[in-house]
Amino acid sequence: MDNISDAMQRYMDQHQLNHNYQELMQRVYQDADVQAFIKANDADLDEQQIDRSSAKLYEYVTERDRLAAGQQTFAPGYEPKLIMNNHLIDVAYLPTEAQIAKQKQQSLHKRVNSVLMPKLIRKASFDHFDASDKDRVPALMAALDFTDAYVAAPKDYHQGLYFYGSFGVGKTYLLGAIANRLAEKGFKSTLVHFPSFAVEMKNAIGNNQVAEKLDAIKKAHVLMIDDIGADAMSAWVRDEVLGVILEYRMQSELTTFFSSNFSMDQLEKEHLQVTQKGDVEPLKAKRLMQRFHFLAKEIEMIGQNRRPN
Ligand code: ADP
Ligand code: MG
């Protein structure tokens, strides 16, 4: 951090501020923090050394006051601290509490890979989960039980959860809360909005990216498939996208979550069995349902619609 002191010295020389300098320094030497620091390091500092450190003391007081006033500082996110360095006074810059929290938040977000998901999941957390709506408590308890079990034995296979219930009860929010709790504990997860992903996959056919895009999802450590059944599914999406993902995850015993507006039974009868074209394929649907049942435990989520509009 030499730049500030050097620059200040040059500025003062250029502008012949030397008599103002005395005044300025008087304020600096009288500063309570500065006095406390000099007192604490009394044994190591003589008059001459304090004098030679004047630019550093000035830098410290100026930056500290700017930070307190919410003004632009030399190193945003960092706060100045006086230290002893090679028998002279120096200024060290330490991350502020806000900066530490921000960095922590950023590394948490990195562990949650969200694919085409609404932004709300970033803020989702168990701590802010409104459980005043008693109907939602069973889903919350199941989610908490899962995270406890997962964190206690991350190498074991843990069956995921299949949350279903009407629009706006907080299914997506709850998936986000689980992902964020896992991130806090150091585990990665991937959340994917299934209807949007299906569209992306169809577009990927043209440029031969189906396998690559599918791989990233199917191999995710913990996968959360959001809003399954929200859109009519083509036979191709059902068999080549959903079917492939579920088959892989079952064979590899990888934790998988779902959210849907429909129970597993409804999903089977109304969405998987009948394709967009109207073909009825009960055997294919049954086979897929076996995968669902293996991967996730069905939990109904009841409650009021919490969407703002
Ligand atoms: P669903 O996926 O069941 O349709 P969402 O998870 O999208 O519902 O939730 C609907 C709205 O309610 C969102 O705006 C979300 O932020 C809010 N919400 C849901 N659950 C909670 C909660 N536990 N605490 C605070 N807000 C919530
Ligand atoms: Mg949702």
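Hi everyone, let's start at the ligand: a nitrogen atom of ligand 1 lies 3.4 Å from a polar backbone atom of His128, where a polar contact means a pair of N or O atoms within 3.5 Å. Before going on, a word on the source: this is a predicted model, in which local features need pLDDT of at least 70, side-chain atom pairs count only at pLDDT 80 or more, and totals for chains, interfaces and linings use all residues. Residues are numbered from 1 along each chain as its sequence is written, chains are lettered from A and ligands numbered from 1 in the order written, and side-chain values use heavy atoms, leaving out hydrogens and water.

Back to the ligand. One oxygen atom of ligand 1 is 2.8 Å from a polar backbone atom of Gly168, and an oxygen atom of ligand 1 is 3.0 Å from a polar backbone atom of Gly170. On its own, ligand 1 has 560 Å² of accessible area, and the protein covers 83% of that (Shrake-Rupley method, 1.4 Å probe).

So who are the neighbours? Ligand 1 is surrounded by 14 residues, the closest being Gly168, Lys171, Thr172, Tyr173 and Arg307 (a heavy atom within 4 Å). By class, that shell holds five nonpolar, four polar and five charged residues, with Asp, Glu, Lys and Arg counted as charged, Ala, Val, Leu, Ile, Met, Phe, Trp, Tyr, Cys and Pro as nonpolar, and the others, Gly among them, as polar.

Last stop: the largest cavity. Its lining includes Ser125, Phe126 and Asp127 (an atom within 4 Å of a point on a 1 Å grid, where a 1.4 Å probe fits but cannot get out). That lining divides into two nonpolar, two polar and three charged residues.

Technical notes:
Polar contact = N/O pair within 3.5 Å; in protein donor to acceptor, adjacent residues only side chain to side chain. 1 Å grid on protein atoms, 1.4 Å probe; cavity = no way out; pocket = protein on both sides within 12 Å on 5 of 7 lines; lining within 4 Å.
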